[in-house]
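Subject: Structure handover

Hello,

Here is the structure for you to look through. Please open it next to this email and follow along.

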Amino acid sequence: MDSDGPPAAAEARDGTPPAGHNAALSIDTSVAHVARVYDYWLGGKDNFAADRRAGEQAIQAYPDIVYSVRANRAFLARTVRYLAKEAGIRQFLDIGTGIPTANNTHEVAQSAVPGCRVVYVDNDPVVLTHARALLVSGDQGLTNYIDADLRDTERILDQAALTLDFSQPIAIMLMAILQHIDDAEDPLAIVGKLIGAVPPGSYLAISHPAADIEREAMALMAERLNRLMAEKVTFRTRDQVARFFGGLELVEPGVVQLSKWRPRSGAESAAAAALWGGVARKPA
Ligand SMILES: C[S@@+](CC[C@H](N)C(=O)[O-])C[C@H]1O[C@@H](n2cnc3c(N)ncnc32)[C@H](O)[C@@H]1O
């Protein structure tokens, strides 16, 4: 979201299925899920009482989370614009789509350069219902959606190849998703498999909640989310996030607090954000 305006807490329905609810999909409303908690922080309406409870507990631990998620959306828009306009990327694989909001990847990419292709991936049934309705192909370019888990790289790559040309550069976007893969599940290997499948000249863009910005507040927020949310979180330090870019060429300014990654205004640069962000190119 590009707006610098104050975040509004979501005023959402209580236990009512979101628009586009498909009874055939199993949507568990009794436990908080990250896509819906994130939607709540962004001021969306596609969340339930359990999501709002977890979202509020997190806000009490780290009040700037509502600014952090907006800074994350602004970072996403800046990276996509950079990749399409400056790096010449025409294909995007965005894993961990989230419930559609302002400045979705295909909108930013296709308005920067018409014809860009975007494949979204998520494993949340609420995201799926919205994605089917909103993340559609149009005159501006092809868009597709895959219902898959980040851990299942084989399925993601097989399905993405139906839309994307893997002989040409692809930007892999992992925005605020890797925190849901704990160290025992080897997130470095998962990222490595994805990067291994794309040709030189491809890019990797990552944002990741920080363990070493606002240390105490973030630790308390993690503890609360891990108690209340279905998807567990592991926040990471700058060094740990930088390791995901191993073997790649980091684009300036490297791995930084993401509001400091090529901000377009003083307000963007000053935004509170307890997340690291970076973009890197796969060399020849
Ligand atoms: C915090 S939201 C971030 C949304 C968006 N990428 C952004 O940065 O604005 C995380 C998203 O990742 C999805 N997600 C979490 N774990 C996942 C997994 N293992 N596989 C696929 N999607 C996952 C969630 O459903 C949610 O939509």
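Predicted model: local features only at pLDDT ≥ 70, side-chain atom pairs only at ≥ 80, totals over all residues.

Residues are numbered from 1 along each chain as its sequence is written, and side-chain values use heavy atoms, with hydrogens and water left out.

**Helices**

Start with α3, residues 65–86. Helices are DSSP runs of H or I with at least four residues, strands are runs of E with at least two, and both are numbered from the N terminus. Helix α3 has 22 residues and reaches 30 Å from its first C-alpha to its last. That is close to the expected 32 Å (1.5 Å times one less than the number of residues). 18 of its 22 residues are buried, so α3 is largely enclosed by the rest of the structure. Buried means under 20% relative accessible area, exposed means over 50%, and partly exposed is in between (1.4 Å probe, protein chains only). Just after α3, Gly88 takes a positive phi of about 75°.

Helix α4 (residues 105–112) is also largely enclosed, because 6 of its 8 residues are buried. Among them are His106 and Val108. The buried residues of α4 pack against α3, β1, β2, α5, β3 and β4.

**Cores**

A nonpolar core is a set of buried Ala, Val, Leu, Ile, Met, Phe, Trp, Tyr and Cys residues joined through side-chain atoms within 4.5 Å. The largest one has 56 residues. Trp41, Leu93 and Leu150 are among those with the most contacts inside it. Helix α8 (residues 215–228) gives the most to this core, with 5 residues. A second, separate core of 39 residues includes Ala71, Tyr82, Tyr145 and Tyr203.

What does Leu150 touch, leaving aside neighbours within four places in sequence? Its contacts (heavy atoms within 4.5 Å) include Ile95, Leu174 and Ile190.

**Pocket**

The largest pocket is lined by 47 residues. Val34, Ala176, Ile177, Gln179 and His180 lie nearest its centre. A pocket is an open set of points on a 1 Å grid over the protein atoms alone, where a 1.4 Å probe fits, with protein on both sides within 12 Å along at least five of seven lines; lining residues have an atom within 4 Å of a point. Helix α3 supplies the largest share of the lining, 6 residues.

**Loop**

Asp186 lies in the loop between β4 and α7. It is partly exposed, with a relative accessible area of 39%.

Best wishes
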